[in-house]
Amino acid sequence: MDKMNRIVVCLADELQPGQRKVVDMNGYPISVFNVEERLYAIQDLCPHMGASLSCGNIAGTMMPSDPHQYLYGYENEIIRCPLHNWEFSLKTGSSLSCPDRIKIKTFQVVQEENLIVVYTKIGGSKTKS
């Protein structure tokens with residue numbers, strides 16, 4: 001089994017609800033989000049054209065529904081690519097349009113005492129806001 005690397009992102013009080021940080025893991029950018037005190041970590045590159053997902057909006061989306069019904073859901077669980085509005089689940093990384101074919105990587109992120117930490121198989125880091 002591959003060893004997981006523990007990467008310290010920042011102090012916990014440096015990532016308040018609504019904030020995000022990008023951590024560079026040897027040239028591989030990872031976005032870390034605090035959404036209403038829930039932490040998420042995803043690859044920062046959209047698989048479509050490589051846009052930085054850390055610049056995207058976090059919101060919900062329209063749900064499948066019957067004709068003339070408009071259901072909104074997944075509030076604060078969807079990241080939208082800033083270029084073409086591709087939508088991805090912050091929880092699973094799956095694309096909403098093609099969940100079986102298009103995904104972004106997600107990473108375990110936790111608060112350990114006063115630190116925000118990402119666990120990944122990618123090593124090394126440089127943090128930028």
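From the N terminus on, the elements of this protein chain run β-β-β-β-β-β-β-β-β-β. That comes to ten strands and zero helices. Keep in mind that this is a predicted model. Below is a quick tour, starting with the chain as a whole and then going residue by residue.

**The chain as a whole**

- The radius of gyration is 15 Å, which agrees with the value near 14 Å that a compact globule of 129 residues would have.
- Along its principal axes, the C-alpha trace spans about 50 × 30 × 30 Å.
- Buried residues make up 40% of the 129 in the chain.
- If you take the contacts with a separation of 6 or more, 47% of them are between residues 24 or more positions apart.
- The accessible surface is about 7700 Å², and carbon and sulfur atoms own 49% of that.
- On the charge side, there are 13 positive and 14 negative side chains, with the centres of the two sets 7 Å apart.

**Buried spots in strands**

- Gln 43 sits in strand 4, which covers residues 38-43.
- The side chains of Gln 43 and Tyr 28 are joined by a polar contact of 3.3 Å.
- Setting aside residues up to four places away in sequence, Gln 43 touches Tyr 28, Pro 29, Leu 53, Ile 104, Lys 105 and Phe 107.
- Ala 59 belongs to strand 5, residues 58-63.
- Ala 59 is buried too, because its relative accessible area is 14%.
- Leaving out residues up to four places away in sequence, Ala 59 touches a set of residues that includes Tyr 72, Tyr 74, Ile 78 and Arg 80.

**Buried spots in loops**

- Leu 15 is in the loop between strand 1 (5-11) and strand 2.
- With a relative accessible area of 2%, Leu 15 is buried.
- Not counting residues up to four places away in sequence, Leu 15 touches Cys 10, Arg 20, Lys 21, Val 32, Phe 33, Asn 34, Leu 39 and Ile 116.
- Leu 15 and Trp 86 are 71 residues apart in sequence, and their C-alpha atoms are 25 Å apart in space.
- Ser 95 is in the loop between strand 7 and strand 8, the latter being residues 106-112.
- Ser 95 counts as buried, since its relative accessibility is 2%.
- A polar atom of the Ser 95 side chain lies 3.2 Å from the backbone nitrogen of Cys 98.
- Besides residues up to four places away in sequence, which are left out here, Ser 95 touches Glu 87, Phe 88, Ile 102 and Lys 103.

**Exposed asparagines in loops**

- Asn 26 is in the loop between strand 2 (20-25) and strand 3 (28-35).
- A relative accessibility of 64% makes Asn 26 exposed, because the cut-off is over 50%.
- Asn 85 is in the loop between strand 6 (71-80) and strand 7 (87-89).
- Asn 85 has a relative accessibility of 53%, so it counts as exposed.
- Asn 57 is in the loop between strand 4 and strand 5.
- Asn 57 counts as exposed as well, at 55% relative accessibility.
- Leaving aside neighbours within four places in sequence, Asn 57 is in contact with Ile 78, Ile 79 and Arg 80.
- The C-alpha atoms of Asn 57 and Tyr 70 are separated by 21 Å, and the two residues are 13 apart along the chain.

**Backbone angles worth a look**

- Most residues other than glycine have a negative phi.
- Asn 26 has a phi near 50 degrees, which is positive even though the residue is not a glycine.
- Asn 85 also has a positive phi, about 65 degrees, and is not a glycine either.

Terms used:
Residues are numbered from 1 along each chain as its sequence is written. This is a predicted model: local features need pLDDT of at least 70, side-chain atom pairs count only at pLDDT 80 or more; totals for chains, interfaces and linings use all residues. Side-chain values use heavy atoms; hydrogens and water are left out. Helices (H or I, at least four residues) and strands (E, at least two) are DSSP runs, numbered from the N terminus. The radius of gyration is taken over C-alpha atoms; the globule rule is 2.2 Å times the number of residues to the power 0.38. Buried means under 20% relative accessible area, exposed over 50%, partly exposed in between (1.4 Å probe, protein chains only). Contact means heavy atoms within 4.5 Å. Accessible areas come from the Shrake-Rupley method with a 1.4 Å probe; for residues, only the protein chains shown count as cover. Lys and Arg count as positive and Asp and Glu as negative; His and the chain ends are not counted. The place of a charge is taken as NZ of Lys, CZ of Arg, CG of Asp or CD of Glu. A polar contact is a pair of N or O atoms within 3.5 Å; within protein, one must be able to donate a hydrogen and the other to accept it, and residues adjacent in sequence count only if both atoms are side-chain atoms.
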